[in-house]
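The following note records points on the model under review. Please read each point with the sequence and the structure at hand.

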Amino acid sequence: MRKEISREMDITGRIVIPKEIRTALRLGKNENPDKPNMETGTVKVDMYVEDDKLIIKRKNPSCVFCGTEDDLAVSYRNGHICKYCLNEIKKLEK
Ligand SMILES: [Zn+2]
């Protein structure tokens, strides 16, 4: 069963996502599988419009160079690098 929660949005478009929803979607700063920004404690989300609905979802980790979410090889600080880009970077050493 769907539980609807109403919130007010301010004039700049800001809205607070209720804690129970953040917890359910693992959007808390200590629950996100992609590390939160260590300086600000923020986590990234993707949002898009589908029909007349605003969809907000946890951002999947992606390569900082090409954006793919597949074949992530290494994580460095708050970014990830895919296998392809890592191999390309290794070629630069030669
Ligand atoms: Zn890549």
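1. The protein chain contains two helices and four strands, arranged along the sequence as α-β-β-β-β-α. Helices (H or I, at least four residues) and strands (E, at least two) are DSSP runs, numbered from the N terminus.

2. This is a predicted model, in which local features need pLDDT of at least 70 and side-chain atom pairs count only at pLDDT 80 or more, while totals for chains, interfaces and linings use all residues. Residues are numbered from 1 along each chain as its sequence is written, and side-chain values use heavy atoms, with hydrogens and water left out.

3. Of the 94 residues of the protein chain, 15% are buried (under 20% relative accessible area; exposed is over 50% and partly exposed in between, with a 1.4 Å probe and protein chains only). Among contacts with a separation of 6 or more, 17% join residues 24 or more positions apart; contact means heavy atoms within 4.5 Å.

4. The zinc ion has as protein donors the SG atoms of Cys63, Cys66, Cys82 and Cys85, lying 2.3 Å from it. Donors are N, O and S atoms within 2.8 Å of the metal (3.2 Å for Na, K and Ca); water is not among the atoms, so sites may look incomplete. Along the chain, the donors follow the spacing C-x2-C-x15-C-x2-C. Cys66 lies in the loop between β2 (53-58) and β3 (72-76) and Cys82 in strand β4 (residues 79-82), so this pair ties together parts 16 residues apart in sequence. Cys66 is partly exposed, at 48% relative accessible area, whereas Cys82 is buried, at 3%.

5. The angles among the four donor atoms of the zinc ion run from 104 to 115°, and the site is tetrahedral (four donors with all angles between 85 and 135 degrees). Ideal angles for four tetrahedral donors are 109.5 degrees.

6. Ser62 also belongs to the loop between β2 and β3 and is buried, at 17% relative accessibility. Beyond its neighbours within four places in sequence, Ser62 contacts Gly67, Thr68, Glu69, Leu72 and His80.

7. The largest pocket has a volume of about 630 Å³, the space filled by probe spheres set on grid points joined across faces, edges and corners. A pocket is an open set of points on a 1 Å grid over the protein atoms alone, where a 1.4 Å probe fits, with protein on both sides within 12 Å along at least five of seven lines; lining residues have an atom within 4 Å of a point. The lining comprises 17 residues, with Ile5, Pro18, Ile21, Leu54 and Ile56 nearest the centre. Strand β2 gives the most to this lining, with four residues.

Key
Four donors count as tetrahedral if all angles lie between 85 and 135 degrees; four count as square planar and six as octahedral if opposite donors are over 155 degrees apart and all others between 65 and 115; anything else is irregular.
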